[in-house]
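Visitor: I would like to learn how to read a few features of a model. Please take me through them.

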Amino acid sequence: MTALKNMPVSFPGLFGDWEMTMDPIAIHVGHGIYWYGIILAVGMLAGLFLCMKLAPKYGLTEDHAMDVALWSVPFCIVGARLYYVLFYLDMYRNADGSLNWGNMIAVWDGGLAIYGSVIMALIVVGVYTHIKKIPYLAMTDLGAQGLLLGQIIGRWANFVNREAFGAETTLPWRMKLWVSQYQSVEVHPTFLYESLWNLVGLLLILFVVSKARRFDGENTCFYLLWYGLGRTWIEGLRTDSLYLFDWELMGEPIRVSQALSMVLVLVAVGMMFYHIKIKKRTSETLWVNRMAAEEARLATVAAEEKAMVDAVLTEPAAESTEEVPEEEAHGNTD
């Protein structure tokens with residue numbers, strides 16, 4: 001089910017007959033500058049700004065956050081598009097079965113899968129941290145917060161494009177869309193569900209999880225767990241899910257994002273159990289705390305060396321205490 005992008009959107013259960021009509025194109029120049037791209041860009045910049053501010057708390061620098069963003073953004077866009085196109089490949093074929101490359105790269109029309117972006121980001125971060133010799137999981141702990149903020153904002157691009165909505169419902173917060181000039185549907189605003197779910201997740205990381213971290217990777221695990229659970233639920237409501245080719249499970253087609261979400265939840269639970277229950281990690285093992293301890297040790301050594309040098313330089317020269325015999329002092333009288 002596809003909604004028309006030039007028709008109004010309304011929330012009849014909340015605002016009655018009030019409705020809004022949003023042009024997906026913000027500026028009509030050339031192919032147009034789309035709100036979709038503008039909103040995603042705002043989300044990326046907001047996420048980067050948050051990471052730069054939080055970087056010192058993870059033993060990292062603003063430059064680390066900036067470098068990762070500069071490398072990740074283009075690759076993440078490519079990854080998000082590839083992920084989407086791969087599972088909707090038939091939509092990008094010409095009548096003769098050949099691939100329509102023009103449509104495949106038309107990201108301004110929508111069609112970016114967040115999991116494709118996340119997978120590509122994890123790869124880029126892995127390469128970057130290996131080169132810079134910094135812990136991978138410390139960087140992903142920082143990045144998870146920026147990613148959540150980007151997702152909170154980015155989901156509103158789906159709202160402007162009238163996409164990523166759910167099945168029909170009569171709930172008070174239902175969203176009314178038009179699928180033809182004469183037919184409308186009232187559906188779950190799943191874009192809003194995910195945005196709010198991620199907002200709660202971000203607040204939990206900022207004010208609870210990150211303040212009690214016991215190991216590098218704990219924020220990352222929480223992100224995978226929280227987002228995986230939410231996406232599993234929300235994906236079940238959507239009508240535009242990507243499906244795992246023509247595979248079925250118990251007679252039902254397999255939704256790619258649901259399957260991947262459940263896998264990520266299991267991975268997150270396994271990692272947390274391993275680090276907390278088996279390895280019994282404590283905050284002393286965090287990269288930021290190890291860096292602080294090493295800096296304190298070096299500062300102590302430097303202070304001790306300086307004290308020794310100062311002691312040598314300020315020690316008074318030994319004065320001779322040998323007395324001259326009285327006879328020599330006054331001469332021999334014999």
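Predicted model: local features only at pLDDT ≥ 70, side-chain atom pairs only at ≥ 80, totals over all residues.

Guide: Residues are numbered from 1 along each chain as its sequence is written, and side-chain values use heavy atoms, with hydrogens and water left out.

Visitor: How many disulfides does the rule give?

Guide: A disulfide is a pair of cysteine sulfur atoms within 2.5 Å. The count here is zero.

Visitor: Is Cys221 buried or exposed?

Guide: Buried means under 20% relative accessible area, exposed over 50%, partly exposed in between (1.4 Å probe, protein chains only). Cys221 is buried at 0%. Cys51 is buried too, at 10%.

Visitor: Which way do β5 and β6 run?

Guide: Strands are DSSP runs of E, at least two residues, and helices are runs of H or I, at least four, numbered from the N terminus. Two strands pair if DSSP finds at least two bridges between them. Strands β5 (residues 175–178) and β6 run antiparallel, joined by four bridges. Trp178 has Ser184 of β6 as its bridge partner. A hairpin of five residues links the two strands.

Visitor: Which residues of β6 lie on its covered face?

Guide: Val185 and Val187 do, while Ser184 and Glu186 form the uncovered face.
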